[in-house]
Amino acid sequence: MHKAPPACEPGDLSPLAFETPPRKRRFRSSDNRNLIALDNEVETHRTFILVHGLFQNSEVWCNQFNGQLGISARLIAPDLRGHGASAKPDSIHAYEDGRLWADDLHNLITATGAQNPVLVGWSFGARVIMDYLRHYGDASVAGLVFLGGYLLEDPANLGAELLNSFPKMLDENVELRGEGDAAFVNAMFAEPPKPPLLDALKSVCGNIPYIVRRNMVGRILDYEDVMAGLRKPVLLLHGEEDALMLPSMSQNVSTIIPHAELKLISGCGHALFIEDAERFDQHLQSFVAGLETGY
């Protein structure tokens with residue numbers, strides 16, 4: 001299948017990338033931090049909450065806001081704590097407790113009045129959703145979508161590109177961090193996109209302070225009991241050519257969540273929702289259509 005070029009172009013990950021600027025919502029965390037989310041405020045019963053990955057921000061979803069999905073569904077995309085325009089506390093205590101991440105997502109749902117949303121988590125974002133599910137359960141959501149989700153601790157599921165770039169991304173030396181960011185971003189794609197998009201993604205990484213990076217990583221992944229207890233429909237999407245989070249990650253997760261539907265996306269890497277936005281959006285729309293017909 002021919003892939004449509006990414007809608008994001010030069011300057012991509014700024015509010016100017018949105019054809020219709022979404023509302024920027026402010027809400028509070030349970031530890032009294034200011035958090036930000038984008039909301040297209042489409043009036044529909046379909047709501048997707050799009051949770052970005054590590055060292056990225058809400059604006060990576062600009063293709064979804066600009067495309068057909070953004071016309072037919074309400075899209076809400078938070079900047080996670082430590083990312084984007086949300087608060088970036090220095091203390092490790094702001095990041096090490098999964099309950100805080102869970103509360104952030106719960107408070108977002110409450111603040112926006114989202115009813116039965118589908119939670120969509122990319123990479124690290126899948127962990128945040130798991131934190132939410134551990135503490136709040138899945139009763140208030142319609143379904144769950146994980147794309148390249150970082151959900152299991154086993155390093156055998158991690159690609160060499162991630163293992164090689166990540167130590168540099170956490171280095172105190174700003175030049176080494178920049179090298180790590182560049183390698184990480186390049187490895188997101190099966191085929192390199194245009195340089196302006198790469199530069200924009202690298203810039204987003206570069207906006208995460210060193211101390212925040214160091215304090216944000218290190219939590220043990222312990223979600224298998226949560227996954228095994230899920231009752232709502234689950235869709236696992238994974239790029240076949242993902243060099244950061246290997247497809248085995250989602251394949252192994254599918255054995256823990258027996259009712260999960262697994263789709264491996266040909267020709268895509270870790271950033272499949274950017275690489276082939278149209279196909280990704282179609283998968284989300286099909287998933288929601290299934291929910292409405294008794295998935």
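Strands and helices here are DSSP runs, numbered from the N terminus: helices are H or I with at least four residues, strands are E with at least two. β7 covers residues 234–239, and its pairing with β8 is parallel, over five bridges. Two strands count as paired if DSSP finds at least two bridges between them.

This is a predicted model, in which local features need pLDDT of at least 70 and side-chain atom pairs count only at pLDDT 80 or more, while totals for chains, interfaces and linings use all residues. Residues are numbered from 1 along each chain as its sequence is written, and side-chain values use heavy atoms, with hydrogens and water left out.

**The sheet**

- Eight strands make an open sheet with mixed pairing. Their order is β1-β2-β4-β3-β5-β6-β7-β8.
- β1 (23–28) and β8 (261–265) are the edge strands. Each has a single partner strand, so one side of each lacks a neighbour in the sheet.
- Neighbouring strands are turned against each other by 20° on average, direction ignored.
- Strands of a sheet pair through backbone hydrogen bonds, either parallel or antiparallel.

**Strand β7**

- β6 and β7 pair in the parallel sense, over four bridges. Phe-146 has Leu-236 of β7 as its bridge partner.
- On the β8 side, Leu-235 stands opposite Glu-261.
- Six of the six residues of β7 are buried, so the strand is largely enclosed by the rest of the structure. Buried means under 20% relative accessible area, exposed over 50%, and partly exposed in between, with a 1.4 Å probe and protein chains only.
- In a regular strand the side chains alternate between the two faces of the sheet.
- Both faces of β7 are covered. Val-234, Leu-236 and His-238 are buried on one side. Leu-235, Leu-237 and Gly-239 are buried on the other.

- Contact means heavy atoms within 4.5 Å.
- Axes are lines fitted to C-alpha atoms, for helices over the stretch in contact, and angles run from 0 to 180 degrees between N-to-C directions.
- Helix α10 (residues 247–256) lies across β7 and β8. It runs at about 160° to β7.
- The buried residues of α10 are Pro-247, Met-249, Ser-250, Val-253, Ser-254 and Ile-256. They pack against α9 (224–228), β7 and β8.

**The α6 and α7 pair**

- Helix α6 (residues 174–186) and helix α7 (residues 195–206) pack at about 130°. Their axes are 9 Å apart.
- The two helices are therefore oblique to each other. Angles under 35 degrees count as roughly parallel, over 145 as roughly antiparallel, 65 to 115 as roughly perpendicular and the rest as oblique.
- The crossing of α6 and α7 is right-handed. That term applies if the near helix is turned clockwise from the far one by less than a right angle; anticlockwise is left-handed.
- α6 contributes Asp-181, Ala-182, Phe-184, Val-185 and Asn-186 to the contact. α7 contributes Leu-198, Leu-201, Lys-202, Cys-205 and Gly-206.
- These contact residues divide into six nonpolar, two polar and two charged. Ala, Val, Leu, Ile, Met, Phe, Trp, Tyr, Cys and Pro count as nonpolar, Asp, Glu, Lys and Arg as charged, and the others, Gly among them, as polar.

**Single residues**

- Ser-123 sits in the loop between β5 and α4. Ser-123 is buried, with a relative accessible area of 10%.
- Not counting residues up to four places away in sequence, Ser-123 touches Gly-53, Leu-147, Gly-148, Gly-149, Tyr-150, Met-245 and His-270.
- Asn-215 belongs to helix α8 (residues 210–216). Asn-215 is buried, at 12% relative accessible area.
- The C-alpha atoms of Asn-215 and His-93 are separated by 8.2 Å, though the two residues are 122 residues apart along the chain.
- Asn-32 lies in the loop between β1 and β2 (34–39). Its phi is positive, about 70°, although Asn-32 is not a glycine. Asn-32 is exposed, with a relative accessible area of 55%.
- Glu-41 lies in the loop between β2 and β3. Its phi is also positive, near 55°. Glu-41 is partly exposed, at 38% relative accessible area.
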